[in-house]
Amino acid sequence: MVVKIKNLFKYFDTAPAVNGVSLDIRQGERLVILGHSGCGKTTLLRMIAGFVVPDKGSITIDGLLAAKDGKSVIEPENRQIGMVFQDLALWPHMSVYKNLEFGLAAKKISKNERNERISLILEKVQLSEFSNSFPSNLSGGQQQRVALARAIVMRPKILLMDEPLSNLDYDLNSMLRKEILKLQEETGITMLYVTHDRNEAFSLATRIIVMKHGAIQKIGSVNEIKMFFKY
Ligand SMILES: Nc1ncnc2c1ncn2[C@@H]1O[C@H](COP(=O)(O)OP(=O)(O)OP(=O)(O)O)[C@@H](O)[C@H]1O
Ligand SMILES: [Mg+2]
């Protein structure tokens with residue numbers, strides 16, 4: 001078990017954004033959280049990554065308590081979690097290479113190893129020749145791949161992806177979906193992927209969680225969730 005979440009709550013001003021969520025993320029799975037806009041998906045992901053502290057409940061990562069009842073125990077930079085944000089959040093003033101190198105340098109990884117890891121991942125996402133380009137000179141799909149590479153190059157225990165393809169047109173979306181699937185199968189990385197798009201969920205997931213109003217409505221295999229929606 002990679003992540004164990006018990007009875008998690010997060011309140012903002014009015015109704016709870018996350019309302020008593022319990023779930024396990026298993027080693028090597030592609031778990032997809034499916035739900036409408038505003039149902040609490042990003043808030044849940046940000047709590048797992050450590051950017052938002054839960055008001056109640058606990059998060060355990062690889063057997064270690066990461067957060068509990070309003071307190072963060074492990075800081076985000078020490079959780080070994082990679083995140084691809086809804087808005088990508090690439091650093092515009094840094095080249096592709098520098099975007100990937102930043103986190104590795106912060107972890108005091110040697111220059112040689114940084115080089116090796118970055119070359120390898122850029123090859124995998126087919127961006128080797130864009131190493132010195134800046135994000136603003138890349139297409140939407142290329143920027144998406146940089147964000148993905150930047151998360152994976154850190155070799156996280158788990159990769160969180162927050163609607164990473166929602167701003168792309170249909171063709172690019174399905175192409176990148178296939179690439180994500182291939183990359184996950186090749187690396188075996190544990191993935192938690194958030195989307196409001198049923199087709200995206202069905203094509204990517206090994207298991208799906210349906211969220212509604214901050215709570216889990218249903219957990220099941222792709223086929224079980226298809227039946228749930230009478231798809
Ligand atoms: N920092 C914040 N301050 C106040 N309210 C917030 C904050 N972040 C989220 N919320 C509220 O919490 C609820 C859940 O938001 P969240 O961003 O988690 O939803 P989401 O499922 O990711 O939606 P989307 O699909 O649109 O990205 C919403 O009602 C939102 O308005
Ligand atoms: Mg969101």
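Biologist: Which residue just after H1 takes a positive phi?

Modeller: This is a predicted model, so its angles are computed from predicted coordinates. Just after H1, Gly50 has a positive phi of about 105°.

Biologist: Which residues other than glycine have a positive phi?

Modeller: Asn7 and Glu163 can be read here. Asn7 is not a glycine, yet its phi is positive, about 50°. Asn7 sits in strand S1, residues 3-11. Glu163 also has a positive phi without being a glycine, with a value near 40°. Its place is the loop between strand S8 (158-162) and helix H5 (170-187).

Biologist: Are Asn7 and Glu163 buried or partly exposed?

Modeller: The cut-off for buried is under 20% relative accessible area. Glu163 has 6%, so Glu163 is buried. Asn7 has 44% and is therefore partly exposed.

Biologist: How many residues of H1 are buried?

Modeller: Begin with the general idea. An α-helix has 3.6 residues a turn, so residues three or four places apart point the same way. In this structure, 7 of the 9 residues of H1 are buried, so the helix is largely enclosed by the rest of the structure. The buried residues in H1 are Lys41, Thr43, Leu44, Leu45, Met47, Ile48 and Ala49.

Biologist: Which element gives the largest share of the shell around ligand 1?

Modeller: A shell is read by listing the residues and then asking which elements they come from. Helix H1 (residues 41-49) supplies the largest share, 3 residues. The residues surrounding ligand 1 include Phe12, Ala17, His36, Ser37, Gly38, Cys39 and Gly40. Also among them are Lys41, Thr42, Thr43, Gln86 and Glu163.

Biologist: How many residues of the shell are nonpolar, polar and charged?

Modeller: By class, there are 3 nonpolar, 7 polar and 2 charged residues around ligand 1.

Biologist: What are the protein donors of the magnesium ion?

Modeller: For ligand 2, the magnesium ion, they are OG1 of Thr42 and OE1 of Gln86, at 1.9 to 2.6 Å. This pair joins distant parts of the chain, 44 residues apart: Thr42 is in helix H1, and Gln86 is in the loop between strand S7 (81-84) and helix H2 (96-106). Gln86 is partly exposed, with a relative accessible area of 36%.

Biologist: Where is Thr190, and what does its side chain meet?

Modeller: Thr190 is in strand S9, residues 190-195. Its relative accessibility is 1%, so Thr190 counts as buried. A polar atom of its side chain lies 2.8 Å from the backbone nitrogen of Gly28. Leaving out residues up to four places away in sequence, Thr190 touches several residues, including Val2, Ile25, Arg26, Gln27, Gly28 and Glu29. Lys157, Ile158 and Leu159 are also among those contacts.

Note on methods. Residues are numbered from 1 along each chain as its sequence is written. Chains are lettered from A and ligands numbered from 1 in the order in which they are written. This is a predicted model: local features need pLDDT of at least 70, side-chain atom pairs count only at pLDDT 80 or more; totals for chains, interfaces and linings use all residues. Side-chain values use heavy atoms; hydrogens and water are left out. A residue is near a molecule or strand if one of its heavy atoms lies within 4 Å of it. Helices (H or I, at least four residues) and strands (E, at least two) are DSSP runs, numbered from the N terminus. Ala, Val, Leu, Ile, Met, Phe, Trp, Tyr, Cys and Pro count as nonpolar, Asp, Glu, Lys and Arg as charged, and the others, Gly among them, as polar. Donors are N, O and S atoms within 2.8 Å of the metal (3.2 Å for Na, K and Ca); water is not among the atoms, so sites may look incomplete. Buried means under 20% relative accessible area, exposed over 50%, partly exposed in between (1.4 Å probe, protein chains only). A polar contact is a pair of N or O atoms within 3.5 Å; within protein, one must be able to donate a hydrogen and the other to accept it, and residues adjacent in sequence count only if both atoms are side-chain atoms. Contact means heavy atoms within 4.5 Å.
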